[in-house]
Amino acid sequence: MTIERITTGYYRLPLEPMGDAGHGRIDTEELITVELAADGLVGHGYAYTIGRGGRAIRSLIDHDLRPLLIGQSAHDVAALWDRMWRGLLYGGRGGLVAFAIAAVDIALWDLRGLRENRPLWALAGGTARPIPAYGSGVDLPKPLDGLLRQVEGFIQRGYSGVKVKIGKPDAAEDLARVAAVRRLVGDKIDLMIDVNMAWSIDQALDRGRRLAEYNPFWLEEPSAPEDVEGHARLVRELPMPIAVGESLYSAWEFERYIAARAAGVVQIDPVTNGGITPVLRVLRLADEAGLPTSSHYTDELSAHLLCASKNPIYLEKHAFALDPYLEQPQVVTNGTVRPTDGPGHGLRFNPEALRPYAAD
Ligand SMILES: [Mg+2]
């Protein structure tokens with residue numbers, strides 16, 4: 001099965017303006033699509049950004065990854081991932097290079113599923129099952145009443161968990177928002193808190209202790225991901241679990257976190273983590289360390305991948321829903337999602353819905 005053709009698309013999808021403490025205002029999602037053809041089958045992959053870098057991802061695939069792959073056998077996805085990673089190692093090891101490799105790797109896994117007529121969850125060694133989902137807002141700029149309305153919407157949709165952003169300059173304002181959300185949802189709903197790396201470790205220790213009375217289910221990305229030892233200290237000294245993963249760009253970065261006991265919840269993202277291939281390794285590492293797993297965005301792919309985890313506690317239903325652009329949006333039933341059962345990952349973009357947003 002020889003790789004014959006790789007085609008890419010680039011789209012700028014408008015978002016209702018939103019934002020968080022680490023990335024500021026976000027009003028555009030960039031979507032980079034990949035179609036990879038071999039022996040009459042076409043695997044589909046994609047990468048996304050939160051507004052910047054997408055053109056570089058497309059260019060990396062078109063100009064640098066394509067020549068490494070055309071004419072190669074599509075059978076051994078892990079070997080092809082390695083070929084891509086090593087081929088771009090000098091300017092890579094993470095960031096946009098990891099995103100570009102991920103988009104192709106996702107298409108290769110889809111192609112493998114089509115070839116073997118098996119869904120991704122089965123290829124991943126998993127058991128298909130419902131995974132609890134939580135409603136996740138990118139809501140730091142929202143006034144308090146808007147935040148509460150959004151959380152009410154999540155509860156009405158049946159989610160048993162909700163996530164809110166904090167990390168405002170005024171710690172008292174963060175506390176007031178978390179307190180108001182906890183009051184609204186009561187004690188039976190899990191409340192996740194996401195700082196998007198806004199704090200120093202000392203700030204995280206201080207503010208994390210003050211948040212404890214609202215019983216957060218986890219505290220996500222409290223500080224910059226480079227400081228592994230700092231996160232280990234937060235795991236040791238704060239009462240709530242520390243969740244990380246969306247800003248870790250390879251399985252080796254997860255390895256360092258897990259070895260240092262610097263994570264309490266491992267969050268996968270098959271785009272930012274460099275593809276499905278490294279994510280499967282991350283899930284094994286989490287299992288070996290006895291850590292629960294969750295996901296960042298990538299709702300449709302993660303529904304498959306979390307089925308290969310021993311303890312997948314939650315899938316994130318993210319504010320950047322791809323639903324308007326998909327042939328078959330993911331279904332939420334009683335606050336849970338299941339992976340699709342057809343071959344591959346099952347995610348197909350609707351070309352008509354994407355066309356108005358095509359860009360160069
Ligand atoms: Mg986050």
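How many aromatic pairs does the count come to? The count comes to 13 aromatic pairs, where rings of Phe, Tyr and Trp (its six-membered ring) pair if their centres lie within 6.5 Å; planes under 30 degrees apart count as stacked, over 60 as edge-to-face and the rest as tilted. Before we look around, note that this is a predicted model, in which local features need pLDDT of at least 70, side-chain atom pairs count only at pLDDT 80 or more, and totals for chains, interfaces and linings use all residues. Residues are numbered from 1 along each chain as its sequence is written, and side-chain values use heavy atoms, with hydrogens and water left out.

## Aromatic rings

A pair of aromatic rings is described by the distance of the centres and the angle of the planes. Here are two of the pairs.

| Pair | Centre to centre | Angle of planes | Kind |
|---|---|---|---|
| Trp-81 and Trp-85 | 4.9 Å | 15 degrees | stacked |
| Phe-217 and Tyr-314 | 5.5 Å | 85 degrees | edge-to-face |

Trp-81 and Trp-85 sit four residues apart in helix H2 (residues 77-87), so about one helical turn separates them. Helices (H or I, at least four residues) and strands (E, at least two) are DSSP runs, numbered from the N terminus. Both Trp-81 and Trp-85 are buried; buried means under 20% relative accessible area, exposed over 50%, and partly exposed in between (1.4 Å probe, protein chains only).

The other pair links distant parts of the chain: Phe-217 is in the loop between helix H7 (201-211) and strand S7 (218-220), while Tyr-314 is in strand S11 (residues 312-317), 97 residues apart. Why does Tyr-314 count as buried? Because its relative accessibility is 4%. Phe-217 is partly exposed, with a relative accessible area of 26%. Together with Tyr-134 and Trp-218, Phe-217 and Tyr-314 form one aromatic cluster.

## The magnesium ion

Which residues coordinate the magnesium ion? They are Asp-194 (OD), Glu-220 (OE) and Glu-246 (OE), at 2.0 to 2.2 Å. Donors are N, O and S atoms within 2.8 Å of the metal (3.2 Å for Na, K and Ca); water is not among the atoms, so sites may look incomplete. Along the sequence, the donor residues are spaced D-x25-E-x25-E. Glu-220 lies in strand S7 and Glu-246 in the loop between strand S8 (242-244) and helix H9 (251-259), 26 residues apart. Glu-220 and Glu-246 are buried.

In strand S5 (residues 161-165), five of its five residues are buried. Gly-161, Lys-163 and Lys-165 point one way from S5, whereas Val-162 and Val-164 point the other way. In a regular strand the side chains alternate between the two faces of the sheet.

Two strands pair if DSSP finds at least two bridges between them. Strand S4 (residues 131-136) runs parallel to S5, joined by three bridges, and Ser-136 has Lys-163 as its bridge partner in S5. S5 also pairs with strand S6 (residues 190-194) in the parallel sense, over five bridges. There, Val-162 stands opposite Leu-191 in S6.

## An open sheet

Strands S1, S2 and S3 form an open sheet in the order S1-S2-S3, with antiparallel pairing. Strand S1 (3-20) and strand S3 (41-49) stand at the edges, each with a single partner strand, so one side of each is left without a neighbour in the sheet. S1 and strand S2 (residues 24-38) pair over 14 bridges, and Ile-6 has Leu-36 as its bridge partner in S2.
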